[in-house]
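Trainee: Can we go through this one together? I'd like to start with the helix packing.

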Amino acid sequence: MKEFDYIIIGGGCAGLSLAYELEINEKLKDKTLAIIEPRQEYKRDKTWSFWKVVPHNFDDCIIKSWDNFSVNIPNKTNYLECKDYPYQSIDSGLFYEKINNKLKENKNIHFFKDLKEINTQNSFIFNSVPDIKKDYLNLWQHFCGVEIETENNIFDDEIFNLMDFDCDQRNSVHFFYTLPYSKNKALVETTWLSRMNDSSLKDYDFQIKEYIDKHLKIKNYKVLYREEGAIPLFYPKFKKEKNKINIGTAGGMTRLSTGYTFLNIQEHSRYIRKNIEKISINKKFEINKKYQFLDDIFLRVLNKNPEKMPNIFFNMFKTSPKTIIKFLSNKSNFYEDLKIIFKMPKGIFIKALFY
Ligand SMILES: Cc1cc2nc3c(=O)[nH]c(=O)nc-3n(C[C@H](O)[C@H](O)[C@H](O)COP(=O)(O)OP(=O)(O)OC[C@H]3O[C@@H](n4cnc5c(N)ncnc54)[C@H](O)[C@@H]3O)c2cc1C
């Protein structure tokens, strides 16, 4: 069986981002790489959005970028500007195509459907397949979105809506998220933060239809694309092994309070590329411990007090947009952290330390 210097298990966002980063920086000229990916074909299956706080390799895969956003609870809306850190949406279809076209040019890179097809003994492995066991204590961000096209121009595509809590909460945390790509096209998503133990929350198509009809007041539209997913708001199991590191969701790249993962994956890929020669002995790359600690408290509060979360989220966005964006994107300093912490209701957050 064939041997490779490097193996990437899972050719999704993290696996392909890493392969691309290594390839464009000429780290695969004299090294061989096997990518293990079972999917039959690559097609658009996700939309990755984030505030661009650091550069990335995929500016040409952006559907749209915004400088303004809003957050709202019933009868109150907060409008915020994000010119310094524009919010961007990436089309996964364009991302897969761009990377796969580039990787095809290098004869040292091979795709396989199953790890059993190759010899793994002497390779260094980057694994992006998470080890997740069902446990109804764990929280998830689960959602469904549809891209719609309307007959008339109705969207203001200068501003996107990050969180609209003016909807049925069903003893959970629920909001809608609307990304207007143009005046007649938008991605409308229903998002839940829950333990996923109540299947009645998953009538996504009904929720989206109701929201489009009654809230956005749109009657004539067609659905161009649909995506559904669930992001674990906990770290997947991790077993330390000498010649293996985990990447992507499996590697703890999700910010647990928000589900944002894409830019962390890009930063992790850059870190691996810079240290590839001594990666097995290098310090593990992880989301700063202070965010891990703060997110843990935040999620404990959310678990115990779902009904308070719309107001908590809304108040969090009353700090300057730059501060909150830096905080949510792991780039805030101590002074900025304090500004956010002071927006939180003290009692329930202090109590959460002792749950
Ligand atoms: C629908 C959706 C929308 C999201 N939107 C955002 C967003 O807007 N912003 C953001 O920051 N994050 C977002 N995320 C979270 C995160 O960025 C994505 O989940 C991202 O794809 C994670 O990358 P990954 O490589 O860890 O996992 P994936 O991209 O899922 O890649 C894992 C790969 O492993 C393959 N695989 C599965 N089993 C095996 C196996 N046994 N052997 C080998 N390969 C296997 C899969 O086919 C897949 O290609 C979203 C997640 C989802 C599901």
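Trainee: Which hand is the crossing where H1 passes H2?

Mentor: Left-handed: that is how H1 passes H2 in this predicted model.

Trainee: At what angle do H1 and H2 pack, and how far apart are the axes?

Mentor: The angle is about 45°, and the axes of H1 and H2, the latter being residues 92–104, are 10 Å apart. H1 and H2 are therefore oblique to each other.

Trainee: Which residues make that contact?

Mentor: H1 puts in Leu16, Ala19, Tyr20 and Glu23, and H2 answers with Tyr96, Ile99, Lys102 and Leu103. By class, the contact of H1 with H2 has six nonpolar, no polar and two charged residues.

Trainee: And H1 against H4, left-handed or right-handed?

Mentor: Right-handed, for H1 passing H4. Their axes are 9 Å apart and the packing angle is about 40°, which makes H1 oblique to H4.

Trainee: Which residues does each helix bring to that one?

Mentor: From H1 there are Cys13, Ala14, Ser17, Leu18, Glu21 and Leu22. From H4 there are Phe262, Ile265, Gln266, Ser269, Arg270, Ile272 and Arg273. The contact of H1 with H4 splits into seven nonpolar, three polar and three charged residues.

Trainee: Moving on to the ligand. How many residues are around it, and which come nearest?

Mentor: There are 29 residues around the ligand, and Gly10, Gly12, Ala14, Gly229 and Gly248 come nearest. Ala14 is also one of the H1 residues in the contact with H4.

Trainee: Which helices and strands each supply at least two residues of the shell?

Mentor: Helix H1 (13–24), strand E3 (47–51), strand E14 (221–232) and helix H4 (262–274) each do. E3 gives the most to the shell, with four residues.

Trainee: What is the shell made of, by class?

Mentor: It has 13 nonpolar, twelve polar and four charged residues.

Trainee: Which domains does the shell draw at least three residues from?

Mentor: Domain 1 and domain 2, with at least three residues from each.

Trainee: Remind me, where do the domains run?

Mentor: The domain assignment gives domain 1 as 6–54 + 92–132 + 236–278, domain 2 as 140–232 and domain 3 as 289–352.

Trainee: How far apart are the centres of domain 2 and domain 3?

Mentor: Taken over C-alpha atoms, 24 Å separate the two centres. Seven residues of domain 2 and six residues of domain 3 take part in the contact. On the side of domain 2 that touches domain 3, four residues are nonpolar, three are polar and none is charged.

Trainee: Back to helices for a last pair. At what angle do H7 and H8 pack?

Mentor: H7 (residues 321–328) and H8 (residues 334–341) pack at about 100°, with axes 10 Å apart.

Note on methods
Residues numbered from 1 in each chain as written. Predicted model: local features only at pLDDT ≥ 70, side-chain atom pairs only at ≥ 80, totals over all residues. Near = placed C-beta within 6 Å. Nonpolar A, V, L, I, M, F, W, Y, C, P; charged D, E, K, R; others polar. Domains from an automatic or database assignment. Axes fitted to C-alpha atoms, helices over the stretch in contact; angles between N-to-C directions. Parallel < 35°, antiparallel > 145°, perpendicular 65-115°, else oblique. Left-handed = near helix turned anticlockwise from the far one by under 90°. Contact = placed C-beta atoms within 7 Å.
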